[in-house]
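Here is a report for a reader who is meeting this structure for the first time. Look at the sequence and the model, then read on.

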2 protein chains.
Amino acid sequence: MLTFQDTLEILNREIQAIQHPKTPAGLYEPIAYLLALKGKKLRPAFTLLACNLYLEEVDAAIHPALAWEIFHNFTLMHDDLMDKAELRRGQPTVHKKWNENTAILSGDAMLILSYIFMAKSPAEHLKPLLDLFSGTASEICKGQQYDMEFERRTDVSEREYIEMIRLKTAVMLGACLRSGAMIGGADKTDGQNLYDFGIHLGIAFQIKDDLLDVYGNPNVFGKKTGGDILCNKKTYLLINAMNSANATDKAELLRWLACNNQPEEKIVAVRSLYDKLSVPEKADETIRIFYEKALTALQAVSVDENRKKILRNITEELMKREF
Amino acid sequence: MLTFQDTLEILNREIQAIQHPKTPAGLYEPIAYLLALKGKKLRPAFTLLACNLYLEEVDAAIHPALAWEIFHNFTLMHDDLMDKAELRRGQPTVHKKWNENTAILSGDAMLILSYIFMAKSPAEHLKPLLDLFSGTASEICKGQQYDMEFERRTDVSEREYIEMIRLKTAVMLGACLRSGAMIGGADKTDGQNLYDFGIHLGIAFQIKDDLLDVYGNPNVFGKKTGGDILCNKKTYLLINAMNSANATDKAELLRWLACNNQPEEKIVAVRSLYDKLSVPEKADETIRIFYEKALTALQAVSVDENRKKILRNITEELMKREF
C-alpha cells in the first residue's frame, strides 16, 4: 500500500523523466520550467492513490496521473496570463519571464501534451478516461470564465460562487480520483463516491484557501495575507460580506473596494468588517459542511477502512492547515 | 462516390448541428461565431474524401473530420491573437470583437472540443487516430513558434522556411487525409502516400498564397495585394529576395522594410525588387516542384484512378487559382 510520500516520489521521478523536445526551445522551455516548480502534486497523487485502493500495482495509472498534472499546469499558465499574475509558486509566471505569446502557445502545446499522456492509458479504459478528461477540462474552462465574469459583478450569490469553484477547482480533484478508480477496476458506485469525495473536498479546500489568504498565519502561510483583499478578488469572504452587510457596512465595504492607495489600511478595514459580520465563522461552518460531505462520500466507498485511511489523513491535513 | 460539393454539404450541416452550451455565453459564443464564418473546409473535406477512396459510406469519418475543422479554427483564434490580426474571413477576429482573455479561453475550450469530437472516432481506430491528431497538433504549435521567431530574424533560409510551413500548414492537410484513409481501411503504404500528397500540396499551397498576396488579381483575390509586404511578413518571396540579392539590392530591401509611412510606394518598390530578382519565377518553379511531388504521391495510392480523380481535380484547382 502506497504512502503519500511514495506517490510523490513516483510522480517527481516520472515528471523529471519526461523528454521535452530540444527545439524550438522557445516553445518547450516554458513547459519544463513550469513543471519543475515545486507544487503540491495533490491531483496526480489522488489518481495513484485511488487506483491503489483496488490494485497494489499502480503503474497503469501513472500516465493518466501525469496527464492531470500537465493539464493542471496548462491551466496555471493560461490563467496566470488572463489574471495578469506575476508570481507562481514564488517564481515569475511564464508570460512575465518570457512574454504573452509564449504563455499562449506553450500553454496550447502543454494542453496537447496532457492528451498525449492520457492517450497512453490502458486501451480498455481509453474511451471512458478521455470522456472524463475532456468533460472535466471543459468544466474547468467554464469555471475560469465565471471567475473572470464575477470580477466585474457585485451581485454574485454564495450559490453561484460555490458553483464556480466546483467547476474551476473541485471537478478536477473528483475526476483525478475517479480516473484512478477506473483503472483500478472500481465499480461505478465507488467511482461516483470517490468523485463526490473529491468535489466536496475541493470546495472545502478552496474556501479554506480564501480564509487563509485573510486570516492565515503569515509565518506558516509563506506569503503575506491580504492579497485577495488588495486586488478585490471575489472570494467566499467578500461575497458573504456583501450579501450579509447592512446598508452602512456595505457602503463602507464598497468604499474600500474602490480604494487603491492605502494597502495596509484597506486590509485592516476589510478584515474588521469581515469580523464584525462574522464572515470567518460562516466560512468555517461552510468548510465544515463540505468536509463532512466529503468524509461521508469516502465512507461509502466499498473498500477496507484501512486502505481508505490515507485519503482520510490527507483530507484532515488539508483542513487543519494554517497555510 | 462523393463530389467535393457533397462533402461540403455534409460538413456544413454537421457543423450547424453542433450543440454549443448556452452558458456561459462569453465562453461559447466566440466558438460558434468563428465556426460559422465561411471557410474553405478543405481539411475536413480531405478526411471524408480520403475515407471515400475506400468506403462508399463515410459516416464513421464525420466526427474526426469535424475534429480537424474545430482544431483548425482553434489555431486561427489563437494565432490571430498572437499575430494581432484584426480580420479573419472579412470579419473581426475574436480578440477584437470580444477581448484577449476571451480569445485565450474560448480557444482552449475549442481545442478541448476538437478532442471531444476525435474521441467519437470508431473504437478500433481511436488510439492511432489520437496519436496522429496529437502528434500533428504538436507539430502545428512548433510551426507557429518558428513563424513567430522568423519575424525577428533576417537570416532565414529557404529550407528553414519550407520546414516552417510544412509544420504550420502542410502536416495538417496530410494528417486529415491519413485519418480518413485509416477509417476507410487503407493499408499503411496508402496512408503514407496520401499523407505525403497532403504535405507536398500544403507546401505548394502556402507558397502560392505568398505569391498571390503580392501578384494576385485583387478583383479575384478578394483582398488588396501587398498586405504581407506592408507588415514585413517573412514569406517565401521576401526570404528568397533577401538570400539572392546583391549588396545594393539588399540594402534597398532593408530600407523599405524599415519604412512604415509610405505604404503604396513600399508595395511598388518591393514588388519591383522581387521582379528584378526573378523571385516570382523562382516561387513558381518551387510551387511546380511540390505540385509534381504531390501528384506523384497521389499516383502511388493503390486505388482506381477514377476514385482519385476528385483529389487530382482539387489539387489542380488550388494550383490554378488567381485568388
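## A proline in a loop

A:Pro24 sits in the loop between H1 and H2 of chain A. Helices here are DSSP runs of H or I with at least four residues, strands are runs of E with at least two, and both are numbered from the N terminus. A cis peptide bond joins A:Thr23 and A:Pro24, with omega about -10°. Chain B has a cis bond between B:Thr23 and B:Pro24, where omega is about -5°. B:Pro24 lies in the loop between helix H1 (4-17) and helix H2 (25-36) of chain B.

## How to read the model

This is a predicted model: local features need pLDDT of at least 70, side-chain atom pairs count only at pLDDT 80 or more, and totals for chains, interfaces and linings use all residues. Residues are numbered from 1 along each chain as its sequence is written, while chains are lettered from A and ligands numbered from 1 in the order in which they are written.

## Chain A as a whole

Chain A contains 16 helices and two strands. Its C-alpha trace spans about 60 × 50 × 35 Å along the principal axes. A compact globule of 323 residues would have a radius of gyration near 20 Å, and chain A agrees, with 20 Å. That radius is taken over C-alpha atoms, and the globule rule is 2.2 Å times the number of residues to the power 0.38.

Of the 323 residues in chain A, 46% are buried. A residue is buried if 20 or more other C-beta atoms lie within 10 Å of its own, exposed if 12 or fewer, and partly exposed in between; the C-beta atoms are placed from the backbone. Two residues are in contact if their C-beta atoms, placed from the backbone, lie within 7 Å. Take the contacts in chain A between residues at least 6 apart in sequence: 73% of them join residues at least 24 apart.

## An enclosed helix

How many residues of helix H3 (residues 42-52) of chain A are buried? The count is 11 of the 11, so H3 is largely enclosed by the rest of the structure. Among them are A:Arg43, A:Phe46, A:Cys51 and A:Asn52. The cover over the buried residues of H3(A) includes helix H1 (4-17), H4, helix H8 (158-184), helix H9 (188-215) and helix H16 (305-320) of chain A.

## The nonpolar core

The largest nonpolar core has 191 residues. Such a core is a set of buried Ala, Val, Leu, Ile, Met, Phe, Trp, Tyr and Cys residues joined through C-beta atoms within 7 Å. The residues with the most contacts inside this core are A:Leu177, A:Ala204, A:Leu237, B:Leu177, B:Ala204 and B:Leu237. The core draws at least three residues from each of domain 1 (1-186) and domain 2 (200-323) of chain B. Those bounds come from an automatic or database domain assignment.

Leaving aside residues up to four places away in sequence, A:Ala204 touches A:Ile287, A:Phe290, A:Tyr291, A:Ala294 and A:Met319. A:Ala283 lies in helix H15 (residues 279-299) of chain A. A:Ala283 is buried, with 21 other C-beta atoms within 10 Å.

## Two exposed loop residues

A:Lys84 is in the loop between H4 and strand E1 (87-88) of chain A. Its phi is near 55°, a positive value in a residue other than glycine. A:Lys84 is exposed, with 12 other C-beta atoms within 10 Å.

A:Arg89 is in the loop between E1 and strand E2 (91-92) of chain A. Phi of A:Arg89 is near 50°, again positive in a residue other than glycine. A:Arg89 counts as exposed, with 11 C-beta neighbours inside 10 Å.

## Where the chains meet

The contact takes 31 residues from chain A and 31 residues from chain B. On the side of chain A that touches chain B, helix H2 (25-36), helix H4 (62-82), helix H6 (100-118) and helix H7 (126-151) each supply at least two residues. H7(A) gives the most, with 14 residues.

A rotation of 180° with 0.0 Å of shift along its axis superposes chain A on chain B, at RMSD 0.0 Å. The superposition is by least squares on the C-alpha atoms of residues with pLDDT of at least 70 in both copies. The two copies are thus related as by a two-fold rotation axis. The same surface serves both: 100% of the contact residues of chain A recur in chain B.
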